[in-house]
Amino acid sequence: MRVISGKYKGRNIYSPRGEVRPTTDIVKGSLFSILENRGLVEGAAVLDVFCGTGAVGIEALSRGADSCVFVDHNTDNVSRNLDAMGINARLVRADFRRALRLLRGSKFDIIFADPPYAAGYAEEVLKCVFKYDMIKPNGVIIIEHSSSNGLINAPENCIIERRVLGAAALEIITRGDNEGGIGGSV
């Protein structure tokens, strides 16, 4: 695995076999194509939940995001990657529920969550994000999950775009009440 584009382009991302299921380069490339076409990455505040190796958050920082908070119950892998690249970022080592509760009051432009596919945490992450009002008005939440799963249930007044990329599906969720008009058909 590597960083695809930007400041850290080509840098390797350490990913121990069997410990994590990192987001593939194809999925990352598609995701960032969508986000950059919407003008969301440059200067963004990013939250990477279930970050594992930190590949998505590091990619965002490489492409111009201002900050990223990395959340996982084990931050050893992301810490190793951040140290290797000389990146200073906030790490929250906790269960995702506790971490999101600790971060309430923080607002993010991009929230990415890649929970274990079989765990069923996707909807719980969404509930916490909306309960704690963590998404900026023009922000997006992206949930990666198995493409064999159906569309996740988002809170009312949300717009969901689904992209299937092999075994992975991305649900890109925007608030239907956002003021900047990013929502709508995509």
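Rings of Phe, Tyr and Trp (for Trp, its six-membered ring) form an aromatic pair if their centres lie within 6.5 Å, and the pair is called stacked when the planes are under 30 degrees apart, edge-to-face when they are over 60 degrees apart, and tilted for the rest. The structure is a predicted model, in which local features need pLDDT of at least 70 and side-chain atom pairs count only at pLDDT 80 or more, whereas totals for chains, interfaces and linings use all residues. Residues are numbered from 1 along each chain as its sequence is written, and side-chain values use heavy atoms, with hydrogens and water left out.

**Exercise 1. Describe the aromatic cluster that contains Tyr121.**

Solution. 

Step 1: name the members. Phe50, Phe96 and Tyr121 form one aromatic cluster, and by the pairing rule the count comes to three aromatic pairs.

Step 2: take the pair of Phe50 and Tyr121, which is stacked, with 5.9 Å from centre to centre and 10° between the planes. Phe50 belongs to the loop between β1 (45–49) and α2, and Tyr121 to the loop between β4 (108–113) and α5 (122–131), so that the pair links distant parts of the chain, 71 residues apart. Here helices (H or I, at least four residues) and strands (E, at least two) are DSSP runs, numbered from the N terminus.

Step 3: take the pair of Phe96 and Tyr121, whose ring centres are 4.9 Å apart and whose planes stand at 45°, so this pair is tilted. Because Phe96 lies in helix α4 (residues 96–103) and Tyr121 in the loop between β4 and α5, the pair ties together parts that are 25 residues apart in sequence.

Step 4: Phe50 counts as buried at 16%, Phe96 is buried with a relative accessible area of 4%, and Tyr121 is partly exposed with 25%.

**Exercise 2. Describe how helix α1 packs with helix α2.**

Solution. 

Step 1: read the geometry. Helix α1 (residues 25–37) and helix α2 (residues 55–62) pack at an angle of about 45°, with their axes 11 Å apart; axes are lines fitted to C-alpha atoms, for helices over the stretch in contact, and angles run from 0 to 180 degrees between N-to-C directions.

Step 2: classify the angle. The angle makes α1 oblique to α2, since angles under 35 degrees count as roughly parallel, over 145 as roughly antiparallel, 65 to 115 as roughly perpendicular, and the rest as oblique.

Step 3: list the residues. Lys28, Leu31 and Phe32 of α1 make the contact with Ala55, Val56, Glu59 and Ala60 of α2, where contact means heavy atoms within 4.5 Å. By class, this contact has five nonpolar, no polar and two charged residues.

**Exercise 3. Describe how α4 crosses α5.**

Solution. 

Step 1: the axes of α4 and α5 come within 10 Å and cross at roughly 15°, and the two helices are therefore roughly parallel to each other.

Step 2: the crossing of α4 and α5 is right-handed.

Step 3: Phe96, Arg97 and Leu100 in α4 meet Glu124, Val125 and Cys128 in α5, a contact with four nonpolar, no polar and two charged residues.

**Exercise 4. Which residues other than glycine have a positive phi, among them Phe50?**

Solution. 

Step 1: start from the general rule. Most residues other than glycine have a negative phi.

Step 2: apply the rule to Phe50, which lies in the loop between β1 and α2 and has a phi near 60°, a positive value.

Step 3: turn to Asp133, which also has a positive phi, of about 50°. Asp133 is found in the loop between α5 and β5 (135–146) and is partly exposed, with a relative accessible area of 38%.

**Exercise 5. Is Ser62 buried or exposed, and which residues does Ser62 touch?**

Solution. 

Step 1: Ser62 is found in helix α2, and at 5% relative accessibility Ser62 counts as buried.

Step 2: not counting residues up to four places away in sequence, Ser62 touches Val3, Ser5, Gly6, Lys7, Tyr8 and Lys9.

How values were computed. Nonpolar A, V, L, I, M, F, W, Y, C, P; charged D, E, K, R; others polar. Buried < 20%, exposed > 50% of the residue type's maximum accessible area, 1.4 Å probe, protein only. Left-handed = near helix turned anticlockwise from the far one by under 90°.
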